[in-house]
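Dear colleague,

Please find below the structure that I promised to hand over. My notes on what was found in it follow directly after.

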Amino acid sequence: MFWINAQRKGYYPRNFISLISKLSLKVHNTHALISSVYQVRLKTTMTTSLPYYTSGEVIKGFGRGSKQLGIPTANYPRDVVQKLPRDINTGVYYGWAQVENSPIYKMVMSIGWNPFYKNKEKSMETYIIHKFDEDFYGQILKIVILGYIRPEMDFKTVEELKETIWSDIRQAEKELDRPEYEQQKKYFHK
Ligand SMILES: Cc1cc2nc3c(=O)[nH]c(=O)nc-3n(C[C@H](O)[C@H](O)[C@H](O)COP(=O)(O)O)c2cc1C
Ligand SMILES: Nc1ncnc2c1ncn2[C@@H]1O[C@H](COP(=O)(O)OP(=O)(O)O)[C@@H](O)[C@H]1O
């Protein structure tokens with residue numbers, strides 16, 4: 001009953017398995033339990049730390065964004081990546097971005113190890129949905145992550161990776177037109 005009420009209220013205890021065992025509740029249907037755990041984890045992962053605001057200097061990545069993919073991505077230094085809350089999983093996200101005092105633009109961001117390239121180090125890579133005339137290495141990139149699109153994936157070809165990223169970009173553009181996201185621009189100061 002507690003569990004059903006908790007679900008209705010949208011409240012999920014973080015480590016509810018140990019809570020259940022502490023309360024000595026009997027769970028008869030293991031499959032249902034596992035599926036609930038998965039759904040709860042998914043729900044908390046997607047919601048608790050968003051919107052997430054961060055900023056940092058733009059550093060050099062592996063030089064593949066522009067050259068191989070035609071989609072440049074601005075990389076953050078290690079300390080910015082390490083500061084990410086634990087419940088922001090690897091994957092593809094959308095939000096707002098600002099370079100120094102530029103206007104605020106839509107962005108998509110990939111967080112993780114880029115399975116296609118099998119990177120050794122976790123990265124946060126932002127594609128700003130705007131055409132810049134010049135690179136902006138060394139400048140401060142501010143972002144707010146607002147929503148999740150999908151997990152990181154591996155692909156058979158670069159073409160598939162590119163097509164998927166373009167579809168992420170279209171999805172981000174659409175999502176960010178929602179009126180409620182306008183107010184999240186408050187994270188940026190002029
Ligand atoms: C929106 C978006 C989605 C991405 N999704 C994936 C993915 O699913 N798998 C993957 O291996 N890399 C993914 N990437 C990362 C690209 O592979 C990465 O930008 C590319 O390796 C360029 O890295 P570099 O700029 O550090 O050289 C994504 C990048 C963006 C911008
Ligand atoms: N729309 C854009 N979004 C992100 N970065 C851009 C954009 N336009 C230009 N850039 C520049 O391109 C750089 C990324 O280029 P890229 O080829 O991915 O190389 P690397 O990842 O090795 O730094 C960014 O650091 C930034 O200076």
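**The surroundings of the two ligands**

By class, the shell around ligand 1 is made up of twelve nonpolar, seven polar and four charged residues, where Ala, Val, Leu, Ile, Met, Phe, Trp, Tyr, Cys and Pro count as nonpolar, Asp, Glu, Lys and Arg as charged, and the others, Gly among them, as polar. Please keep in mind that this is a predicted model, in which local features need pLDDT of at least 70 and side-chain atom pairs count only at pLDDT 80 or more, while totals for chains, interfaces and linings use all residues. Residues are numbered from 1 along each chain as its sequence is written, and chains are lettered from A and ligands numbered from 1 in the order in which they are written.

In total, 23 residues surround ligand 1, the closest being Gly61, Arg64, Gly65, Ser110 and Phe116; a residue is taken as near a molecule if its C-beta atom, placed from the backbone, lies within 6 Å of it. At least two residues of this shell come from each of helix H4 (65-69), strand E4 (105-112), strand E5 (123-128) and helix H6 (158-175), and H6 gives the largest share, three residues. Helices (H or I, at least four residues) and strands (E, at least two) are DSSP runs, numbered from the N terminus.

Around ligand 2 there are 20 residues, of which Gly61, Gly65, Ser66, Pro72 and Asp135 are the closest. Two or more residues of that shell are supplied by each of H4, strand E2 (74-75) and E5, and its classes are nine nonpolar, eight polar and three charged residues.

The protein chain has six helices and six strands.

According to the UniProt annotation, from an unreviewed entry, "domain: Riboflavin kinase" covers residues 49-177, although such annotations may be inferred rather than shown by experiment. Over residues 49-177 the chain is 22% helix and 33% strand.

With best wishes
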